[in-house]
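Me: I have a new structure open and would like to go through it. Can we start with the terms and then work along the chain?

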Amino acid sequence: MHGYLKVLLFTLIGLELCASSVFAQRPALTGPQTYTSAHFQVFTDLSEEKSNELLERLETMLKLVSGYWGKPLRKPIRMFVVDNFENWGVDDLSKMDASGLASIRSGGGLTITRVQGYQNGPKIDADAIVYATSKHGTPQHEAVHAYCGITFGETGPVWYSEGMAEVGKYWKVGEKGVTTDPYVIQYLKSKEPKPLIEIVNNPLETTGDSWQNYAWRWTLCHLLGFNENYTQRFKPLGISLLAGNNSNFEKVYGAQAEEIEFEYKLFLKDMEPGYRCDLCSWDWKTRFKGISAKAQVVSNIAANKGWQASRLNVQQGIEYAINTDGEWKVSQDSDELLAAGDANGNGKLIGIIFTNYELSEPFELGSVDTFTPPASGKLYLRCKDNWGELSDNSGSIKASIKLAR
């Protein structure tokens, strides 16, 4: 057996997180200074106030990701963070690795992880140094790579490594909704959905390739991490990838490929700040049935969730009678509403038809006594509200549907 050295390099652009509390080691002087917290040592030209804020964000990020993966950071992460190169002298710049300095000059970041151990045994020691611009949340993103490198000796394949670094960068305490930058959402919604196979298995894509590719990787990791249909398998998959085991996306999720593709495209279509994948997880388990002449189907529809199964298979061209009971609210401070909603249509009961992984256009139900579905298939219902504002809704409506006479 003999020792080996492994170097992992990663780059990115990003956004900001929010945080807990730490303090700078000493007041900022002219030029870069060293600031420390419990788990980070940062050499930066940021002001004392901004350095404190950065350390807070880093500590909060670390608490979230180490809690998620279930392993504490074993040693502090060293970082070089540049706000303005005009504040850096020749001696300061000479402290940086040349490749790290080049990455910062390009507007991104790079993490160098060195792992020493045995080829056929456990990793015995790992160290990481981060080089990052202060902008776009790059320090947080690179610090996720450093955490994984030090803790696991690996960061996984590109799609997982960069996707989870983006998730960690955007993560906020107690927040399950989308918090990514608006320009990322705008880009994702303006493009045709990138095929999943190209995200998880494209040999031409590499770490540091483009912020657009990072956006697609974040989309998949966020979906799998928060959607209730897939989250239970996602963490074990990630730990297996970080351990270097022979596991991959296709082995874990191959049987659910059509379901994931459907929810992935729906996520991209409806995505906005605050969108909750857990509240909008598609119901694949409920059984649907047709309806006989004298029977009716009763559904309880919660205001704070996305499309929900009515249990009724409807037929195009057939008229159905619908009766609703109950009240719901579309915000904590709003009035209680009936299924007809308010004067602006908020809180109205609406429907959609699911057929072979395709959806009809939504149609309104709240103020009608009868309706004729636009297509044949499974009827899903929900409370009409902005997708990013479902979490503060409350109440439910009971919808009873039967054949019209």
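Reply: Start with exposure: a residue is buried under 20% relative accessible area, exposed over 50%, and partly exposed in between, using a 1.4 Å probe and protein chains only. This is a predicted model, where local features need pLDDT of at least 70, side-chain atom pairs count only at pLDDT 80 or more, and totals for chains, interfaces and linings use all residues. Residues are numbered from 1 along each chain as its sequence is written, and side-chain values use heavy atoms, with hydrogens and water left out.

Me: OK. How many helices and strands are in the chain?

Reply: The chain has 11 helices and 15 strands. Both are DSSP runs numbered from the N terminus: helices are H or I with at least four residues, strands are E with at least two.

Me: And what does the C-alpha trace span?

Reply: About 85 × 50 × 35 Å along its principal axes. Of the 405 residues, 51% count as buried. The chain exposes about 18,800 Å², and carbon and sulfur atoms supply 47% of that; accessible areas come from the Shrake-Rupley method with a 1.4 Å probe, and for residues only the protein chains shown count as cover.

Me: What share of the contacts is between residues 24 or more positions apart?

Reply: Such pairs account for 69% of the contacts with a separation of 6 or more. Contact means heavy atoms within 4.5 Å.

Me: Give me one residue as an example. What is valine 130 in contact with?

Reply: Valine 130 is found in strand β6. Leaving aside neighbours within four places in sequence, its contacts are Ile77, Arg78, Met79, Phe80, Leu110, Thr111, Glu142, Ala143 and Ala146. Take alanine 143: it is 13 residues from valine 130 along the chain, and their C-alpha atoms are separated by 6.9 Å.

Me: Is valine 130 buried or exposed?

Reply: Valine 130 counts as buried because its relative accessibility is 0%.

Me: Switching to helix α3. Which residues there are buried?

Reply: Helix α3 covers residues 98-105, and Gly100, Leu101, Ser103 and Ile104 are buried. They cover an arc of only 160° around the axis, so they sit on the same side of α3. That arc is taken from the directions from the helix axis to the C-beta atoms.

Me: What about the other side of α3?

Reply: Ala98 and Arg105 are exposed there. Just after α3, glycine 107 has a positive phi of about 95°.

Me: Which residues other than glycine have a positive phi?

Reply: Histidine 136 is one of them, with phi near 65°. Histidine 136 lies in the loop between β6 and α4 and is partly exposed, at 41% relative accessible area. Tyrosine 357 is not a glycine either, and its phi is positive at about 65°. Tyrosine 357 is placed in the loop between β10 (349-355) and β11 (358-359), and its relative accessible area of 27% makes it partly exposed.

Me: Now charges. How many salt bridges does the structure hold?

Reply: It holds 11 salt bridges. A salt bridge here is a side-chain nitrogen of Lys or Arg within 4 Å of a carboxyl oxygen of Asp or Glu.

Me: Why would such side chains pair?

Reply: In general, side chains of opposite charge can pair when their charged atoms come close.

Me: Which residue does lysine 135 meet in a salt bridge?

Reply: Aspartate 83, at 3.7 Å from N to O. This pair links distant parts of the chain, 52 residues apart: lysine 135 is in the loop between β6 (123-133) and α4 (138-152), and aspartate 83 is in the loop between β4 (77-82) and α2 (90-93). Lysine 135 is partly exposed at 39% relative accessibility, and aspartate 83 is partly exposed at 32%.

Me: Where do glutamate 261 and lysine 265 lie?

Reply: Both are in helix α11 (residues 257-270), four residues apart, about one turn of the helix.

Me: Which residues do salt bridges with shared partners join into one network?

Reply: Lys194, Glu205, Asp209 and Arg217. Within that group, the side chains of arginine 217 and glutamate 205 meet at 3.1 Å, N to O. Arginine 217 is in helix α8 (residues 211-226), and glutamate 205, 12 residues apart from it, is in the loop between α7 (196-200) and α8. Both arginine 217 and glutamate 205 are buried.
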